[in-house]
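Subject: Structure for your files

Hello,

My notes on it follow.

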Amino acid sequence: MTPRAAFDDQALLALWEQALPLPAAAREALLAAACGGDGHAGSVGAQRRQLLAALRPWLGERPALQGRCPACGEAVAFELALAPLLQALEGDAPAGEQQLDVAGWRLRFRLPRLQDIAEFDAGHADAAAVEAFVQQLLQRCVLAAEQGGTPQPVAALPAPVAEALSQRMEALDPAATLAFDLACPACGHGWSAPFDPARALWACLQTAAERTLLEVDALASRYGWSEPQVLALSPARRRAYLQLAGVA
Ligand SMILES: [Zn+2]
């Protein structure tokens, strides 16, 4: 049984209902706020670190996860050690203006903020949408670009310079882009598997909310109780009545 330490059932169902219709980024902000963050300030990495920590009561300290090899499709199991990961990600991303000198270019930039990625839903974007999003993000985050001392429009950044900028941004706020290096035991292919703590937490909440609804349904049908009456039962009593009703 999944531990529900983080929320009581009333709060769990209320959060589930509120988060269900939201696009991914808005849902992430809502979940982070429910887990103690303010949901709108701070770096992207700070929010994702908070969500990662919120997974602990649900998944334990070393949850077993699964990736899929992009080369051959083999399922690859790996373990996520939460405590060392959270420790490695400690520390805040720098808030102010940053500078990067690369390949004759000098860029002044800031890190992406939550608002910058809020409308973007990576799960439902095709390649053109991703490219448009990256361009929009560059326009917002690159404050000035110069090549050999001459100001240049952000749209003129060559791909390798944009890539170097992206790598610097990741290094400055590592919790914003969580990924794990995996190797496929079947074909030997190695790849970096992204991990989305908001999606993982949402999966835990959904499973727990659906189970709670099934329990309410079972006891309401059997005893004629209302939802608040079922939710007000202590866990031990609810379990006992579910056993008596023959559903646990
Ligand atoms: Zn493979």
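How are α1 and α2 oriented to each other? The model is predicted, and the notes below should be read with that in mind. Helix α1 covers residues 9-19 and helix α2 covers residues 24-34. They pack at an angle of about 160°, and their axes are 10 Å apart. Angles over 145 degrees count as roughly antiparallel, so α1 and α2 are roughly antiparallel to each other. Where they meet, α1 contributes L15, Q18 and A19, while α2 contributes R27, L30, L31 and A34. By type, the residues of this contact are 5 nonpolar, 1 polar and 1 charged. The crossing of α1 past α2 is right-handed.

Domains

The domain assignment divides the protein chain into domain 1, made of 9-89 + 195-212, and domain 2, which is 98-172. The centres of domain 1 and domain 2, taken over C-alpha atoms, are 27 Å apart.

The contact of α1 with α9

Helix α1 also packs with helix α9, residues 197-223. Here the angle is about 115° and the axes lie 9 Å apart. The crossing of α1 and α9 is left-handed. On the α1 side the residues are D9, L12, L13, L15, W16 and A19. They meet W202, L205, Q206, A208, A209 and T212 of α9. Sorted by type, the residues of the contact between α1 and α9 are 9 nonpolar, 2 polar and 1 charged.

Next, the strands. An open sheet of 4 strands runs in the order β3-β4-β5-β6, with antiparallel pairing. Strands β3 (98-102) and β6 stand at the edges and have a single partner strand each, so one side of each is left without a neighbour in the sheet. From one strand to the next, the twist averages 25°.

Taking the pairs in sheet order:

- β3 and β4 are antiparallel and share 5 bridges. Q99 has R108 in β4 as its bridge partner. The two strands form a hairpin with 2 residues between them, and A103 in the turn has a positive phi of about 50°.
- β4 (residues 105-109) and β5 (residues 142-147) pair in the antiparallel sense, also over 5 bridges. L107 is placed opposite A145 in β5.
- β5 and β6 (residues 150-152) run antiparallel and are joined by 3 bridges. A145 has Q152 of β6 as its bridge partner, and Q147 stands opposite T150 of β6. These strands form a hairpin too, with 2 residues between them; G148 in the turn has a positive phi of about 55°.

Which strands does helix α8 touch? Helix α8, residues 159-172, packs on the sheet and touches β3 and β4. The direction of α8 makes about 140° with that of β3.

Regards

Technical notes
Residues are numbered from 1 along each chain as its sequence is written. This is a predicted model: local features need pLDDT of at least 70, side-chain atom pairs count only at pLDDT 80 or more; totals for chains, interfaces and linings use all residues. Domain bounds come from an automatic or database domain assignment. Axes are lines fitted to C-alpha atoms, for helices over the stretch in contact, and angles run from 0 to 180 degrees between N-to-C directions. Angles under 35 degrees count as roughly parallel, over 145 as roughly antiparallel, 65 to 115 as roughly perpendicular and the rest as oblique. A crossing is left-handed if the near helix is turned anticlockwise from the far one by less than a right angle, and right-handed if clockwise. Two residues are in contact if their C-beta atoms, placed from the backbone, lie within 7 Å. Ala, Val, Leu, Ile, Met, Phe, Trp, Tyr, Cys and Pro count as nonpolar, Asp, Glu, Lys and Arg as charged, and the others, Gly among them, as polar. Two strands pair if DSSP finds at least two bridges between them.
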